[in-house]
Amino acid sequence: MQFSLISDTFEKMEATTKRLELTQHLVDLFKVTPRESISKIVYLIQGKLRPDFEGVELGVAEKLAIRAIAKSSGSSVRKIQDLFFEDGDLGHAASKALEQKTQTTFLMQQITAERVYDTLFKIAKLEGARSQDMKMKYISSLLNDATPQEAKFILKIAMGTLRLGIADNTVMDALAIAYTGSRANREKLEAAYNVSSDLGRVAEIVAEKNLDGLDEFHVSLFSPIRPMLAERVKSAAEASEKLGKEFAAEYKLDGERVQIHLGEDRVILFSRRLENITSHYPDIVENIPKALKTQEIILEAEAVAINENTGEFLPFQELMHRRRKYNIDRIVSQYPITVNLFDIMYLNGKDLLNSTYVERRKKLEDITTENEFVKLVPKIIVRSENEVEDFLENGINAGCEGLMLKVLDAPYRAGARGSNWLKLKREYRNELGDSLDLVVIGAFFGKGRRTGKYGTLLLATYNQENDAFESICKVGTGFTDENLDQLYQILSNKVTLKKNPRIESGMEPDVWFEPELVIEIVASEITLSPVHTCAKDIVRKGSGLALRFPKFTGKIRDEKAPEDASTDQEVVTLYRNQKKVTQNVSEV
Ligand code: ATP
């Protein structure tokens with residue numbers, strides 16, 4: 001398949017933000033894509049080479065790409081750097097450099113999509129001393145045969161800066177239309193995606209066998225399952241209203257969610273974002289098999305840092321130390337954890353997603369022998385608001401964030417945030433009644449003690465419909481000096497010269513960032529705002545929503561992708577709940 005078909009499509013997609021048009025461009029592309037290449041094309045559209053859990057990283061450095069463009073276009077490195085600095089996009093720099101190329105290359109070969117994919121894949125796999133030179137050769141070999149437009153998108157993919165303004169849902173819509181004739185079948189594709197976390201494979205099967213092929217998707221060992229997520233509730237009363245007379249309450253521990261796959265003498269661990277995090281937890285790999293009476297299993301657990309002397313739970317931040325490549329053995333003994341099991345999705349060849357909560361919990365209890373390291377998350381069945389309140393109190397005293405409240409006869413709904421699981425956090429009960437996870441999109445430089453650092457951050461919610469990040473507040477409080485240093489280090493690698501097109505903001509900060517980092521914020525209230533773009537026009541025409549007195553809680557949520565941040569819709573719900581509360585209070 002000619003790569004120009006892809007670059008033409010991407011060009012058209014970049015020119016629109018309308019979801020229907022974006023979907024149609026993808027449908028047109030899928031219709032001309034040969035079946036054997038569809039998975040590769042889907043990964044390229046997602047800006048990756050393989051599903052996240054395989055950890056195939058492109059790893060092309062800017063400097064190296066600049067050298068490759070210079071070589072292929074016959075320009076100087078300096079010239080390419082100047083083009084790059086014009087708008088901070090190496091894709092544009094490459095296309096401009098090739099447009100200005102004076103000598104034409106003879107024997108230019110037409111570039112195929114397969115060649116682009118395979119070359120990028122080879123680059124990702126290169127390691128060792130000579131790998132930089134080889135990477136450069138591979139990129140310039142592509143650029144030698146590329147048109148300026150093709151070069152632009154090759155570079156964007158290679159640098160991880162391709163932004164088509166679409167989320168996985170749009171790709172699934174387009175696949176459903178192209179291969180099954182109806183968007184209504186999207187849900188079936190989504191079900192397959194939820195248990196495989198591999199959109200390329202879903203595309204391949206649906207292209208080959210239409211809907212029939214989707215039966216092939218089952219929960220399977222070492223393919224992560226997209227996690228089930230919870231809705232918030234503000235009080236035990238609200239939970240009872242939603243869940244009825246009887247439901248389960250579990251401690252909501254403040255650690256890292258870990259999906260544990262065990263079988264064939266191996267243990268593989270996946271994060272909430274479904275990245276392979278096995279290397280962070282050698283202690284889980286070693287100890288988990290000892291606590292389980294079974295051969296093949298997929299479990300969910302919260303890994304929590306503990307105080308070794310008292311056994312108390314420590315806050316989530318302590319786990320940050322685990323995210324490193326070297327000296328992990330020392331870190332493991334310095335920052336001990338326990339593993340707290342709360343769900344089971346697969347057992348000895350059997351998919352348990354459709355079993356009820358009660359059945360799954362029973363299985364989990366049957367196969368687990370608790371020990372110092374492996375525990376079952378404390379759970380009770382509750383029948384009254386008082387019981388919820390008491391258990392919450394106990395949980396908070398034990399160092400938990402709150403409670404998870406779960407419907408007894410509900411299945412495990414992979415990949416969905418729904419009301420079969422509710423979360424009741426302590427902080428929901430004061431002020432705004434919530435914490436939000438927001439994406440850092442920009443910053444203003446600090447003054448005084450904060451000179452040379454980012455004094456105030458500009459934050460955004462995620463809009464799923466438009467795949468956009470919409471500003472909601474500036475935050476300058478709640479930061480310790482250590483936080484400020486740490487955030488400066490992380491964020492200075494995310495600075496962009498131009499605002500990322502997925503950001504919608506009425507404010508101009510001193511610097512823009514790639515929307516990647518998620519942090520946790522509490523606030524006193526949500527108000528209408530003429531400046532911020534979160535939920536613009538939804539509550540009132542011409543206004544967005546903003547946070548009043550926002551404060552950083554100290555939590556950098558780097559286990560969350562920006563698309564997992566709080567959404568504009570969640571903020572609208574909070575705004576409306578808050579109005580209800582104030583109305584009730586004034587009625588009293
Ligand atoms: P949060 O920001 O509240 O951690 P989240 O978006 O990561 O939420 P939710 O499904 O909304 O995910 O909340 C549940 C989270 O709480 C899980 O991701 C998990 O990490 C954690 N957790 C702690 N204890 C439990 C438990 N007993 N059952 C389920 N999840 C639990």
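1. Start with the strands around the ligand. In this predicted model, at least two residues of the ligand's shell come from each of β1 (229–232), β2 (247–252), β10 (402–406) and β11 (417–425). Of the shell residues, β11 gives the largest share, with four.

2. Next, look at the make-up of the shell. Its residues include 12 charged and eight nonpolar ones, and no polar ones. There are 20 residues around the ligand, and R272, E302, R417, K423 and K560 come nearest.

3. At A230, a polar backbone atom is 2.8 Å from an oxygen atom of the ligand. The side chain of K406 has an N or O atom 2.9 Å from a nitrogen atom of the ligand. For K425, an N or O atom of the side chain is 3.0 Å from a ligand oxygen atom. As for cover, the ligand has 580 Å² of accessible area on its own, and the protein covers 97% of that.

4. Where does the ligand sit? Its place is the largest cavity.

5. Now step back to the domains. The protein is divided into domain 1 (48–159), domain 2 (236–425) and domain 3 (436–587). Why does the ligand lie between domain 2 and domain 3? Both of these domains give residues to the shell around the ligand, so the ligand lies between them.

Note on methods
Residues are numbered from 1 along each chain as its sequence is written. This is a predicted model: local features need pLDDT of at least 70, side-chain atom pairs count only at pLDDT 80 or more; totals for chains, interfaces and linings use all residues. Side-chain values use heavy atoms; hydrogens and water are left out. A residue is near a molecule or strand if one of its heavy atoms lies within 4 Å of it. A polar contact is a pair of N or O atoms within 3.5 Å; within protein, one must be able to donate a hydrogen and the other to accept it, and residues adjacent in sequence count only if both atoms are side-chain atoms. Accessible areas come from the Shrake-Rupley method with a 1.4 Å probe; for residues, only the protein chains shown count as cover. On a 1 Å grid over the protein atoms alone, a cavity is a set of points where a 1.4 Å probe fits but cannot get out, and a pocket is an open set with protein on both sides within 12 Å along at least five of seven lines; lining residues have an atom within 4 Å of a point. A molecule sits in a cavity or pocket if more than half of its atoms lie within 2 Å of its grid points. Ala, Val, Leu, Ile, Met, Phe, Trp, Tyr, Cys and Pro count as nonpolar, Asp, Glu, Lys and Arg as charged, and the others, Gly among them, as polar. Domain bounds come from an automatic or database domain assignment.
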